[in-house]
Amino acid sequence: MKRSQINAIMDDARALIERHGFVLPPFADWTPDEFAKRKDAARHVIDSRCGWDITDYGKGDFDAMGLFLFTLRNGLLSDLQRGGGMCYAEKLLISRRDQLSPTHTHAIKAEDIINRGGATLVVELYGSDGDGNFDDTAGGTVLCDGIARDFGPGEKLQLAPGESVTLRPGDWHAFWGDGGDVLIGEVSTVNDDETDNIFRDPIGRFAQVEEDEAPRHLLVSDYATWLG
């Protein structure tokens, strides 16, 4: 993805988020230089990879396959492993109309996916085989707003604003906006996007960035390069 495209997506995303009554935390406004100057105080933000995250999954067609994310808060895997401390995470996501977030699951993370506003969020579900692998013949059971719901393989949940689904490890899922863009909330156990995204098809989690202009704000995938 070109940096100019990423900068434009940030502007569009911020406008949509604010239209729905949400405000991003102050560090969302930091320039790269300000982030570098404050990196010692912001060590938890950096280590837990909070912040801006925009991906085309390495496919080069963000409108067709992509996702906007902003990680608002996140604990550390070490807390989760010892069973105490900050064992949770929260994100805002934007799924554009007909923009696919491809089929995947998580080995560790359980998550609530919540339609916070906009159009209908479609969540396509599959179950796993005995080893947790994708199984296009398997269904399962999820919680929708706390109510158990059985699903068949490939079933498409239609989540209106305010509705949610709870996904556990082994629940394979894809999602997209139907009829318009959707602001999504995600509340989960500790989020590790480096190792805990398991895609059905070989695919990258983060975009490759072409630096055609200066970054407005750093992506979480920029931290290692820009902040050391």
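Modeller: A salt bridge is a side-chain nitrogen of Lys or Arg within 4 Å of a carboxyl oxygen of Asp or Glu. This is a predicted model, with residues numbered from 1 along each chain as its sequence is written. Local features need pLDDT of at least 70 and side-chain atom pairs 80 or more, while totals for chains, interfaces and linings use all residues; side-chain values use heavy atoms, without hydrogens and water.

Biologist: What makes glutamate 34 and arginine 38 a salt bridge?

Modeller: Their side chains meet at 3.2 Å, N to O. That is within 4 Å, so the pair counts. In general, side chains of opposite charge can pair when their charged atoms come close.

Biologist: Why is glutamate 34 called partly exposed?

Modeller: Its relative accessibility is 29%. Buried means under 20% relative accessible area, exposed over 50%, and partly exposed in between (1.4 Å probe, protein chains only). The value of 29% falls in between, so glutamate 34 is partly exposed. Arginine 38, at 40%, is partly exposed too.

Biologist: How many salt bridges are there by this rule?

Modeller: The count comes to 20. One of them joins arginine 3 and aspartate 222, at 2.9 Å, N to O. This pair links distant parts of the chain, 219 residues apart. Arginine 3 sits in helix α1 (residues 3-19). Aspartate 222 sits in the loop between β12 (198-199) and α5 (223-227). Helices (H or I, at least four residues) and strands (E, at least two) are DSSP runs, numbered from the N terminus.

Biologist: How do you know whether arginine 3 is buried or exposed?

Modeller: Its relative accessibility is 0%, so arginine 3 counts as buried. Aspartate 222 has 7% and also counts as buried.

Biologist: Which residue forms a salt bridge with glutamate 155?

Modeller: Arginine 149, with the closest N and O atoms 3.2 Å apart. Glutamate 155 is partly exposed at 26%. Arginine 149 is partly exposed at 35%. Elsewhere, salt bridges that share partners join Asp53, Lys91, Asp193 and Arg205 into one network.

Biologist: Now the rings. What makes tryptophan 52 and phenylalanine 68 an edge-to-face pair?

Modeller: A search of the whole structure finds nine aromatic pairs. In this one, the ring centres are 5.9 Å apart and the planes lie at 70°. Rings of Phe, Tyr and Trp (its six-membered ring) pair if their centres lie within 6.5 Å; planes under 30 degrees apart are stacked, over 60 edge-to-face, and the rest tilted. Both values meet the rule, so the pair is edge-to-face. Tryptophan 52 is in strand β1 (residues 51-55) and phenylalanine 68 in strand β2, 16 residues apart. Both residues are buried.

Biologist: Why are tyrosine 57 and phenylalanine 199 called edge-to-face?

Modeller: Their centres are 5.8 Å apart and their planes at 80°, so they are edge-to-face. Tyrosine 57 lies in the loop between β1 and β2, and phenylalanine 199 in strand β12, 142 residues apart. Tyrosine 57 and phenylalanine 199 are both buried.

Biologist: Which residues do ring pairs link into a cluster?

Modeller: Phe27, Trp30, Phe35, Trp52, Phe68, Phe70 and Tyr223.

Biologist: Which arginine lies over the face of phenylalanine 206?

Modeller: Arginine 205, at 4.7 Å from the ring centre. A charge sits over a ring if NZ of Lys or CZ of Arg is within 6 Å of the ring centre and within 35 degrees of the ring normal. Arginine 200 lies over the face of phenylalanine 134, at 5.1 Å.

Biologist: How many cavities of 30 Å³ or more are there?

Modeller: Three. On a 1 Å grid over the protein atoms alone, a cavity is a set of points where a 1.4 Å probe fits but cannot get out; a pocket is an open set with protein on both sides within 12 Å along at least five of seven lines. Lining residues have an atom within 4 Å of a point. Points join across faces, edges and corners, and a volume is the space filled by probe spheres set on them. The largest cavity holds about 150 Å³. Its lining has 19 residues, with Leu67, Leu69, His104, Glu186 and Asn197 nearest its centre.

Biologist: Which residues are closest to the centre of the largest pocket?

Modeller: The largest pocket has a volume of about 170 Å³. Of its 15 lining residues, Ser48, Arg49, Asn74, Asn191 and Asp192 are closest to its centre.
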